[in-house]
Amino acid sequence: MSFREISAWITLTSVLGCFGVYFGSLATGQVRAPSFATLHLLLLCVSALVVLQIGLHAVAARLVPTSAPVLKDEREQLIQMRARGLGYYVLMSGVLALAIPGHMEISKIDLLNFALLDVVVATLVVSAAQIVMFRRGV
Amino acid sequence: MTQSELADSIGMTRQTVAAIEAGKYSPSLEAAFRISRVFGAALEDVFQWTDAH
């Protein structure tokens, strides 16, 4: 498994884990927005995501030292380009879909959470697409 | 020659070379020429195309 593929796995699992906690807490009502508890949870999740990303990527670079420092070759560039293109469509669809709750009587915080969910889903799609293309071929 | 040695000589990762060998990735023309030059063979001797593709 190349460093780039490991990086995609790290992003997929860490984003899913960290924001799964955040949105799961919101959905189950453990925290209610707007509140400082929600803000603290969001900041904690983002901090955890940053720490996990940096730490796990550092570990991966040590485990796969031969491919980590190498610039992306043409296959990795193609995979990244196609995955990001797919993520762009997901992101734009989510942005357009924001028009629906935007015209309803929901709070600004809920609208922001919908927007954040859109970004998270697009990020997950990009990572998942990269993993599929690394595994199955381009 | 190992996959790693070939990868290093053409500036790609070992995984990309493995994907090329497994038919999971078609290299660019430049990459194909580099691979052929490493083996000292003509392009058509290293890469083949059939109607099945």
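Predicted model: local features only at pLDDT ≥ 70, side-chain atom pairs only at ≥ 80, totals over all residues.
Author: Local features here need pLDDT of at least 70, side-chain atom pairs count only at pLDDT 80 or more, and totals for linings use all residues. Residues are numbered from 1 along each chain as its sequence is written, and chains are lettered from A.

Reader: What makes a space a pocket, and what makes a residue part of its lining?

Author: On a 1 Å grid over the protein atoms alone, a pocket is an open set of points with protein on both sides within 12 Å along at least five of seven lines; lining residues have an atom within 4 Å of a point. The largest pocket has 19 such residues, and closest to its centre are B:I20, B:S26, B:P27, B:F47 and B:Q48.

Reader: How do you know the volume of the largest pocket?

Author: Volume is the space filled by probe spheres set on the grid points, which are joined across faces, edges and corners. For the largest pocket that comes to about 490 Å³.

Reader: Which helix gives the most to its lining?

Author: α3(B), with four residues. Helices are DSSP runs of H or I, at least four residues, numbered from the N terminus.

Reader: What makes a lining residue nonpolar, polar or charged?

Author: Ala, Val, Leu, Ile, Met, Phe, Trp, Tyr, Cys and Pro count as nonpolar; Asp, Glu, Lys and Arg as charged; the others, Gly among them, as polar. The largest pocket's lining therefore divides into 13 nonpolar, five polar and one charged.

Technical notes:
Heavy atoms only, no water. 1 Å grid on protein atoms, 1.4 Å probe; cavity = no way out; pocket = protein on both sides within 12 Å on 5 of 7 lines; lining within 4 Å. Helix = DSSP H or I, 4+ residues; strand = E, 2+ residues; numbered from the N terminus.
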